Amino acid sequence: METRNVVKTVITISYKMIIFALVVILIYYAGGAAFRFGVSVFNESSMSDPSMARTKTVIPDNPSIEDVAQALDKAELIDGTLLFRIQAALSNYSKYFVGGTFELNTGMKPTEIMAAITEQSRAEAAEKETK
């Protein structure tokens with residue numbers, strides 16, 4: 001009887017140690033993935049070399065962040081819509097997106113693209129045209 005209790009205790013402790021080890025491994029990999037995603041959000045990079053040719057991109061009128069992300073992803077100016085949507089939500093630019101046709105460069109970083117498709121950039125472009 002006593003041997004059964006010892007075996008049962010050893011098996012229970014072994015089971016708990018395996019579960020604990022799996023939880024630690026899961027936390028390690030989840031933490032690594034979260035860190036890499038955070039680096040992607042805050043350490044911006046452009047899609048290609050800044051000397052690349054410009055591309056015309058059409059943003060629909062009264063765009064949402066999703067509309068802008070889809071248009072930029074289709075034009076291959078950003079690396080995925082999720083990352084851009086998070087960057088836009090964290091920035092102050094997302095409130096001022098406007099529709100229209102924009103000439104953007106694949107060498108631009110997401111923040112530069114967001115600055116180029118805001119109301120202020122449209123006003124500056126109109127001001128230059130009137131001069």
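**Confidence**

pLDDT is the predictor's confidence in each residue, from 0 to 100. Helices are DSSP runs of H or I with at least four residues, strands are runs of E with at least two, and both are numbered from the N terminus. For the chain, I noted a mean pLDDT of 85, with 85% of its residues at 70 or more. Where pLDDT is low, the predicted coordinates should not be read in detail.

I kept the ground rules: local features need pLDDT of at least 70, side-chain atom pairs count only at pLDDT 80 or more, and totals for chains, interfaces and linings use all residues. Residues are numbered from 1 along each chain as its sequence is written, and side-chain values use heavy atoms, without hydrogens and water.

**Core**

Of its 17 residues, Val68, Leu72, Phe84, Phe97, Leu104 and Ile113 touch the most other members. Two or more residues each come from α2 (65-74), α3, β2 (100-105) and α4 (110-116). The largest share, four residues, is from α2. I listed the contacts of Val68 (heavy atoms within 4.5 Å): leaving out residues up to four places away in sequence, Val68 touches Ile59, Pro63, Phe84, Phe97 and Ile117.

**α2 against α3**

How do α2 and α3 cross? Their axes come within 9 Å and cross at roughly 135 degrees. Axes are lines fitted to C-alpha atoms, for helices over the stretch in contact, and angles run from 0 to 180 degrees between N-to-C directions. The two helices are therefore oblique to each other; angles under 35 degrees count as roughly parallel, over 145 as roughly antiparallel, 65 to 115 as roughly perpendicular and the rest as oblique. On the α2 side, the contact is made by Ile65, Glu66, Val68, Ala69, Gln70, Leu72 and Asp73, and on the α3 side by Thr81, Phe84, Arg85, Ala88 and Ala89.

Is Thr81 buried or exposed? Thr81, in helix α3 (residues 81-90), counts as buried because its relative accessibility is 17%. Buried means under 20% relative accessible area, exposed over 50%, and partly exposed in between (1.4 Å probe, protein chains only). Beyond four places in sequence, Thr81 touches Ala69, Gln70 and Asp73.

I then checked Phe42, in helix α1 (residues 2-42). Phe42 counts as exposed, at 66% relative accessibility. Its C-alpha atom is separated by 10.0 Å from that of Leu83, 41 residues apart along the chain.

Note on methods. A nonpolar core is a set of buried Ala, Val, Leu, Ile, Met, Phe, Trp, Tyr and Cys residues joined through side-chain atoms within 4.5 Å.
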